[in-house]
Structure formats: structure tokens, C-alpha cells
Amino acid sequence: MPCEVKPRFVVLYGSQKGQAQSIAEGIAEEAEGHGLIAELSCLNQNEKYNLEKENAPVVFIVSTTGDGEPPDNALQFVKRIKKKTLPNDHYKHLCYALLALGDTNYANFCNCGKTIERHLQELGAKQFYATGYADDGVGLEVVVDPWLEGLWKAIKAALSKMASDRTAPSKGGVGDSPKETPDSYTPDVQLNLLSLGDHQNCESIKTSVNTDSKYASAASSSASATQTAVSELRPASPAGSLGLASQSRGTASISTSAPETQTQDAGFPHLTLAGSLTCSLPPLSESSLNVPALPPPYLDVSLQDVGTMKQIVGQFNKETVHEVPINRALQLTSGDSVKTALLLELDISAYPTMAYQPGDSFDVFCPNKATEVDGMLHRLGLQDQRNDHVHVSLKKDNKKKGAQVPSYIPQNISLLYLLTWCLEIRSVPKKAFLRALVEHTGDSVQRRRLQELCSKQGGADYNQYVRDPSLSVLELLTAFPSCQPPLSLLIEHLPKLQPRPYSAASSCLKHPGKVHFVFNVVEFPACSGRPAGRRGLCTGWLFDLINPGLVFPGKAECSGSLTLPKIHVSLRPNCSFRPPSDLSVPFIMVGPGTGVAPFIGFLQQRENERQENPDAVFGETWLFFGCRHRDRDYLFREELEGFVCSGTLSHLKVCFSRDDQEQEEGKEVATSVSQPRYVQHNLLLNSQHVTEILLKQNGYLYVCGDAKNMAKDVNDTLIEMIKTELQVDQLEAMKTLAGLREQKRYLQDIWG
Ligand code: FAD
């Protein structure tokens with residue numbers, strides 16, 4: 001009997017936080033249902049794939065990290081394909097599709113994906129499906145879902161094209177002939193996207209659901225966590241998941257959290273229901289839903305009582321992570337300012353390997369909050385087993401492609417340790433996780449609401465009630481009391497608890513054996529599903545740690561006062577965010593708020609260099625700083641003014657966004673322009689100097705701080721300035737700025 005061989009294709013991923021990996025794994029799991037075999041590898045497992053000889057379609061899923069860098073596990077691959085010695089037909093045989101993940105809040109959106117694509121094309125590879133650029137800033141799924149929907153048709157088309165090319169060798173490789181470029185059968189992902197919000201196209205989505213649901217029932221056990229449109233769900237009751245329905249069924253937990261407004265009409269009170277985390281409104285509550293397929297469970301977890309396990313603090317890599325004392329803790333803002341900024345001084349003198357340069361940052365390792373770990377233990381019904389040994393293994397015959405026990409879960413740990421040091425229990429649940437939680441939720445109204453939140457139709461509610469307020473898993477479980485997930489599900493879905501980086505705000509030339517860093521205590525306000533506000537995980541933890549020994553502005557530090565605790569840190573060198581090595585080159589620093597941190601280090605170093613080299617020629621230094629109020633949150637004011645007095649800082653430009661009447665610091669700017677409120681306004685006021693330094697004097701510009709608004713606004717302002725100064729159009733100005741970035745003379749260190 002002839003044996004049918006399924007066509008194969010290759011899936012390669014480069015992933016920093018696991019999102020690209022999980023999408024790639026989803027594709028691999030889906031493949032069988034489409035009659036295909038996927039060979040899945042991480043880009044750094046180059047022994048598992050061979051692009052030089054690959055004659056099947058290759059699908060790349062790659063994220064971007066830091067300032068447009070490839071994820072760690074894609075670094076070597078990117079290096080390899082960038083080699084100038086490769087001939088330009090090196091990948092002529094290769095047929096690829098690429099999904100790039102990025103975040104438009106950061107510069108260099110999807111840069112890793114774009115770099116890989118550029119080099120693949122320069123080396124002759126042919127695209128068989130339009131590249132998707134997914135933006136975590138607005139929700140990856142907006143692009144990922146339609147891209148995945150179109151992928152299968154594209155792979156099949158590419159496979160048949162490649163097969164027919166092989167049987168007709170005279171035609172050459174895929175896409176050689178202009179008429180047969182892969183684009184001619186490439187489904188356009190942009191068109192797919194445009195159709196999503198469009199009423200007419202809702203019909204086509206429904207049609208596709210019906211078709212897909214036939215397939216879903218056959219393939220649901222192996223279906224992907226990322227694939228949508230696989231099953232159609234209807235509301236549990238005519239009133240759907242409205243609080244009203246839940247009230248009539250007596251599920252108080254849902255009805256009480258649904259905000260209601262009472263209106264009076266002819267003496268009859270009406271209940272006008274407002275939507276909330278647990279309560280939806282029409283049309284969503286009455287809509288059919290397309291939910292993601294159920295992610296296949298793949299871990300077995302058992303708990304064993306082995307007597308009390310003594311693991312209180314994290315098991316860190318002893319070569320790179322060091323426990324260091326906090327020497328000093330100062331509050332830099334006054335009590336009535338909106339944000340609380342703190343400065344910590346760490347004593348790193350015992351660890352010479354931690355010698356740092358201005359521009360470097362330090363990772364701070366923090367545990368999850370004890371009360372939340374406790375809450376989670378209770379929620380899982382495992383409070384009495386907190387000290388049990390956790391054993392995690394792969395399920396036999398699990399359906400997840402490339403399934404692995406998470407590498408960040410060490411052997412021999414207790415349950416308490418797992419929840420305290422290994423899993424980010426504050427993480428915002430992804431839609432695949434919500435989908436999995438549905439299976440463990442008893443109450444039908446709550447099930448329906450969870451289905452809505454992970455459905456295509458409920459995307460806006462998911463953003464409003466889960467993603468935007470950064471709702472944590474524990475908060476979600478508290479709001480859905482009938483949801484009782486097993487521990488294994490949490491381990492499958494919760495990401496690794498990551499250390500938080502902080503920029504060094506000092507130079508070890510000025511503070512030998514010490515490092516300073518500055519941070520704002522992050523505050524999350526109360527919201528639907530979060531009855532009271534809470535602090536950021538690391539900043540809240542640090543705040544609690546140092547609070548008894550905190551020194552307030554204007555208060556003298558009393559020596560020999562409270563001893564502050566030790567914390568675990570490791571050095572994160574940043575080899576490009578450094579002051580110019582040529583001392584005569586001018587540079588500009590833009591760092592509002594805590595973004596000023598690395599520039600304090602730059603200036604302390606410069607001050608030292610000036611003292612050591614009295615005859616040297618030093619380039620001009622500019623600092624653009626901004627805060628709300630001159631007298632409440634002007635960080636490092638005395639030190640900055642001291643730098644100006646000593647000549648270390650040539651120009652200090654400060655603006656106050658909430659002190660409307662006050663004049664700008666130093667009064668150096670022209671008064672004809674309205675009062676600058678933000679750093680970009682001050683940049684604009686000094687446009688000629690700034691562009692002269694960047695475009696004529698080979699100078700540098702550094703931006704540090706808030707990624708969400710400031711970095712983008714500064715970038716846009718720089719483009720405007722270049723347009724005006726060079727009299728060029730937008731595109732030309734953007735190219736000029738991109739050139740500066742490539743030369744590493746326009747550098748960003750941004751977060752948020
Ligand atoms: P989490 O509990 O992790 O919550 C963070 C969430 O809060 C984010 O998802 C975001 O949506 C939101 N958020 C609100 N405000 C902020 C904010 N100001 N920063 C980050 N997230 C915010 N922070 C500093 O204050 N000073 C620094 O010098 C500094 N240097 C950094 C250097 C690098 C290279 C990077 C990547 C980040 C840096 N950060 C810095 C940010 C810092 O690492 C943490 O992300 C921040 O302190 C919040 O941590 P958390 O655990 O308290 O908040």
C-alpha cells in the first residue's frame with residue numbers, strides 16, 4: 001500500500017520573552033490538522049536546521065528586544081546572515097514567510113524581523129507570504145491572528161509552486177520569473193487586517209468560522225493557542241453574561257462588581273448596567289464568539305511532603321548575581337509630588353567584576369509579594385502544601401510541539417519558592433491563558449465572560465479590563481471565584497519572574513565601590529477587578545525594604561542609623577550607550593524625570609576627566625531635563641547646577657510641565673516662543689544648535705526615560721528640526737535620523 005508522505009515546512013523562532021516561541025509552537029501544533037509536518041527549531045539550534053540546503057518553505061517568527069536588538073537566541077543567526085562574504089545568491093533556493101513582533105513604544109520597531117528579512121532578500125531568498133509586523137503596543141493579536149489565518153493557504157501555495165518548479169526545472173527557482181513572483185499568490189496581510197473592523201467583512205469572518213469549526217472539532221486537541229476562529233460559542237442565556245442574569249441566579253460575586261447607575265423614570269427605578277471585568281454589555285453579551293483553540297496541557301506537577309524545605313531566597317547564578325548592601329536610601333521628590341522618586345546607593349566594593357561604566361544598568365532581583373503568594377496558595381487550595389517539594393515533568397504523549405519543562409524552574413524547590421522566585425504571578429493573563437481557564441470554571445456566567453474576554457469579538461473588553469490596567473492573574477482569579485485552575489496550568493502559562501533593570505546614576509570615578517540608581521515608585525490605580533491600587537512589583541518591594549531607613553529631602557542623614565538590607569543585583573553592560581570616547585566631540589542628553597539617571601553618571605565622569613586633563617579640549621555638553629514642578633520633583637537640581645558652575649555642563653535646559661507661570665531655568669531660550677513644557681519643546685527652541693551638533697559637528701544625542709510618550713515625541717521633534725534646518729521633506733529627514741542611529745550617534749535607553 002502506498003504510504004502518504006505529508007509535505008513538510010520549517011518553523012524557526014527567535015524569542016526573548018517567549019511570545020514568538022509560543023506563536024511558533026502554535027503553528028507547529030496546527031500543522032498536522034492542515035495535513036502538513038512542521039519542523040520547529042529555535043534559531044540558535046543550528047544543528048537542527050540547514051537553511052543552506054532547505055527546499056521546503058521556512059516560516060520565521062522573531063521578536064525584537066532592547067533598542068532594536070535581536071533576542072539572545074537569535075543573535076548568532078543574525079550575525080551569520082549579515083556576513084559580507086556570503087554570495088548574493090546564497091539563499092536563492094529559499095522560500096520564506098516572516099512574522100516580526102515588536103512594540104511601537106520603542107524605537108526601531110520590529111528591527112530584528114526587518115534585519116533578517118533584508119538580509120534574506122539580499123541573499124536571494126524569496127518571500128511567499130507578506131510579512132506581518134505585530135505591535136505589542138496595541139496588542140499583538142491585531143496582526144498575529146489574521147496573519148496566522150492566511151498562513152496555511154500561503155504555505156500550501158508555496159509548496160505546490162515549489163513542487164511544480166522542481167518538475168519544470170527550466171522555470172528556475174521560486175519567483176525567478178517576473179510573472180511568477182511569490183507575491184502573485186501572496187495573501188496580503190494588510191488587506192486581512194483592514195477587513196477586521198468592517199461590517200461587510202463580518203460576514204466573511206462568520207463564514208470562515210463555520211468552515212473552520214468543522215475542522216476544529218477534529219483538531220481541537222492539538223490546536224494552537226494563538227489560532228482564533230476555531231469554535232463558535234453562544235451566550236449561556238438570553239441575557240448573556242450581564243450582571244442582571246447573574247443576579248437572578250444569585251452569583252453575587254459577579255453582580256456586585258458590575259457598576260450600576262440608577263435612573264428614575266415615572267417613579268420606576270431602572271438599572272443601567274455598566275460593563276466591567278466580570279460583566280459585559282450587548283452586543284458582546286449577545287454575540288457569537290470566536291475563541292482561541294484550547295492550548296494542550298503538557299505538564300504534570302506533583303507535590304511531595306519531604307519535611308520543611310529551607311529555600312528562602314532565590315537560587316542565583318553566583319558568578320554574575322551578587323548580594324550587596326544598600327548603603328543609603330534618599331527620597332528625591334518632596335512629599336506632595338505626584339510620583340515618589342527614590343535614590344539607592346549600593347555598596348559593590350566587594351565585587352570588582354561589577355565595575356561599571358556610565359550608561360550601564362543593573363538588574364535587581366525581587367521576589368513576588370508575600371501576601372500575593374499567600375493569596376495564590378489559598379486560591380489554589382494549596383496553603384498547607386507550601387513547603388512541599390514540587391516535581392514538574394512533561395506529560396506523557398503530550399500534544400504540544402517542542403514541549404519542555406520551563407528552564408527557569410530549578411530542581412528541588414518548594415511550592416513556596418516556585419511562587420515567590422520563579423513565576424511572574426503579577427503577569428497579565430494572555431488570551432490563551434484565559435481560554436485555558438474557561439475549562440476550570442464552574443459557573444456558566446463566569447465561563448461565558450472568560451470566553452468573551454479571550455474571543456475575537458471581545459478584543460476591546462480584553463484591552464479595557466485586562467491589558468490596559470495590567471490586571472494580574474491573581475486579581476483575575478479573585479474576580480472569577482468559580483475558576484479553580486490546577487497548579488500545572490499556572491506553570492504552563494505564567495512567564496518567568498524577570499529581574500528589573502535600573503540605569504546606573506553615578507560614575508565609579510566619583511563614587512568608588514558604589515553605584516547609585518534612581519526610580520519612581522510605580523502606582524497602579526484601582527480598577528474593575530482591583531478594589532485597591534497597588535505598587536509596581538520591584539519598586540513597591542524596594543520601597544517597603546528601605547522605608548524605615550529612608551532619608552527625606554531637606555532632612556540631614558544621621559550616621560549610624562538603621563541598617564538597610566541587602567539585595568541581589570547583577571551588572572548589565574550597555575556597550576553603546578556611552579559618552580563619546582573622543583572628549584572633544586559635543587553631545588546632547590535628553591532625560592526627563594528618572595531618565596536623567598545615566599546622564600548624572602556621564603557628567604560625573606566628565607567632571608573627573610576635566611580635572612585629570614586640564615589642558616584637553618572638551619566638546620560642549622547639553623542636558624534637556626523636564627519634570628512637573630521646580631520645587632517638588634526637580635531631581636538632582638543641586639548637582640546639575642553644580643555641573644553648570646564648574647563648566648562640566650555647558651547648557652542646562654529645564655522645563656516644568658505644571659508650573660505654568662514660571663520662567664525656564666537659566667532663561668537661555670528666546671521668549672518669543674511660548675513657555676516650553678516638555679523636553680521636546682526645549683529641543684525645538686534650540687533647534688539650530690542641536691542640528692548643528694548632530695549634522696555638522698559629528699556630535700551625539702542620547703535619550704533616556706519613558707518609552708511610551710517622551711521618546712516618540714522627541715523622535716518626531718528631531719525629524720521636524722532636520723526638515724526645517726536642511727529644508728528637506730519628511731522621508732529625507734527620517735533617513736537622516738536613521739543614518740545617525742546607524743552610526744550610533746542617536747542612542748536611546750528607554751523603558752516603560
Ligand atoms: P511592574 O510591577 O513590573 O509593573 C510595570 C508595569 O507598569 C509596566 O508594564 C508598565 O506598563 C507600567 N509602568 C508604569 N510606569 C512605569 C515606569 N516608570 N517604568 C516602567 N513601567 C512602568 N526605571 C526607573 O525608574 N529608573 C531607571 O533608571 C530605569 N532604568 C531602566 C533601564 C533599562 C535598560 C530598562 C529596560 C528599564 C529601566 N527602568 C528604569 C524600568 C524598570 O526596570 C522597571 O520596569 C520599573 O521600575 C517598574 O518595575 P516594577 O516591578 O515596579 O513594576
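Biologist: Which element gives the most to the shell around the ligand?

Modeller: This is a predicted model, in which local features need pLDDT of at least 70 and side-chain atom pairs count only at pLDDT 80 or more, while totals for chains, interfaces and linings use all residues. Residues are numbered from 1 along each chain as its sequence is written, and side-chain values use heavy atoms, with hydrogens and water left out. Elements are DSSP runs numbered from the N terminus, either helices (H or I, at least four residues) or strands (E, at least two). With 4 residues, the element that gives the most to the shell is β16.

Biologist: Of the residues around the ligand, which come nearest?

Modeller: A residue is near a molecule or strand if one of its heavy atoms lies within 4 Å of it. There are 20 residues around the ligand, and those that come nearest are Arg500, Pro501, Tyr502, Cys538 and Thr539.

Biologist: How many nonpolar residues does the shell around the ligand have?

Modeller: Ala, Val, Leu, Ile, Met, Phe, Trp, Tyr, Cys and Pro count as nonpolar; Asp, Glu, Lys and Arg count as charged; the others, Gly among them, count as polar. By these classes the shell has 5 charged and 6 polar residues, and the number of nonpolar residues is 9.

Biologist: Which side chain has an N or O atom 3.3 Å from a nitrogen atom of the ligand?

Modeller: A polar contact is a pair of N or O atoms within 3.5 Å; within protein, one must be able to donate a hydrogen and the other to accept it, and residues adjacent in sequence count only if both atoms are side-chain atoms. An oxygen atom of the ligand is 2.7 Å from an N or O atom in the side chain of Tyr502, and an oxygen atom of the ligand is 2.8 Å from a polar backbone atom of Leu537. For the nitrogen atom of the ligand, the side chain at 3.3 Å belongs to Trp751.

Biologist: What percentage of the ligand's accessible area does the protein cover?

Modeller: Accessible areas come from the Shrake-Rupley method with a 1.4 Å probe, and for residues only the protein chains shown count as cover. On its own the ligand has 890 Å² of accessible area, and the share that the protein covers is 75%.

Biologist: Which residue in β20 is the bridge partner of Pro325?

Modeller: Two strands pair if DSSP finds at least two bridges between them. Strand β11 (residues 322-331) pairs with strand β20 (residues 566-572) in the antiparallel sense over 4 bridges. Strand β13 (residues 361-365) also runs antiparallel to β20, joined to it by 5 bridges, and there Val364 stands opposite Val569. In β20, the bridge partner of Pro325 is Lys566.

Biologist: What is the angle between the planes of Tyr356 and Phe362?

Modeller: Rings of Phe, Tyr and Trp (its six-membered ring) pair if their centres lie within 6.5 Å; planes under 30 degrees apart count as stacked, over 60 as edge-to-face and the rest as tilted. The structure holds 21 aromatic pairs. Tyr356 and Phe362 form an edge-to-face pair, 5.6 Å centre to centre, and the angle between their planes is 75°.

Biologist: Why is the pair of Tyr634 and Phe656 edge-to-face?

Modeller: The ring centres of Tyr634 and Phe656 are 5.7 Å apart, and the pair is edge-to-face because the planes stand at 65°.

Biologist: Is Arg449 buried or exposed?

Modeller: Arg449 has its place in helix α12 (residues 444-454). Its side chain reaches the backbone oxygen of Leu277 at 2.9 Å, and a polar contact of 2.8 Å joins the side chains of Arg449 and Asp461. Buried means under 20% relative accessible area, exposed over 50%, and partly exposed in between (1.4 Å probe, protein chains only). Because its relative accessible area is 0%, Arg449 is buried.

Biologist: Is Asp397 buried or exposed?

Modeller: Asp397 lies in the loop between β14 (389-394) and β15 (413-414). Its phi is near 55°, a positive value in a residue other than glycine. Since its relative accessible area is 72%, Asp397 is exposed.

Biologist: Where is Gln727 found?

Modeller: Gln727 is not a glycine, although it has a positive phi of about 55°. At 67% relative accessibility it counts as exposed. Gln727 is found in the loop between α21 (710-726) and α22 (730-742).

Biologist: What is the omega of the cis peptide bond from Pro282 to Pro283?

Modeller: Pro283 has its place in the loop between β8 (268-273) and β9 (289-291). The peptide bond from Pro282 to Pro283 is cis, with omega near 5°.
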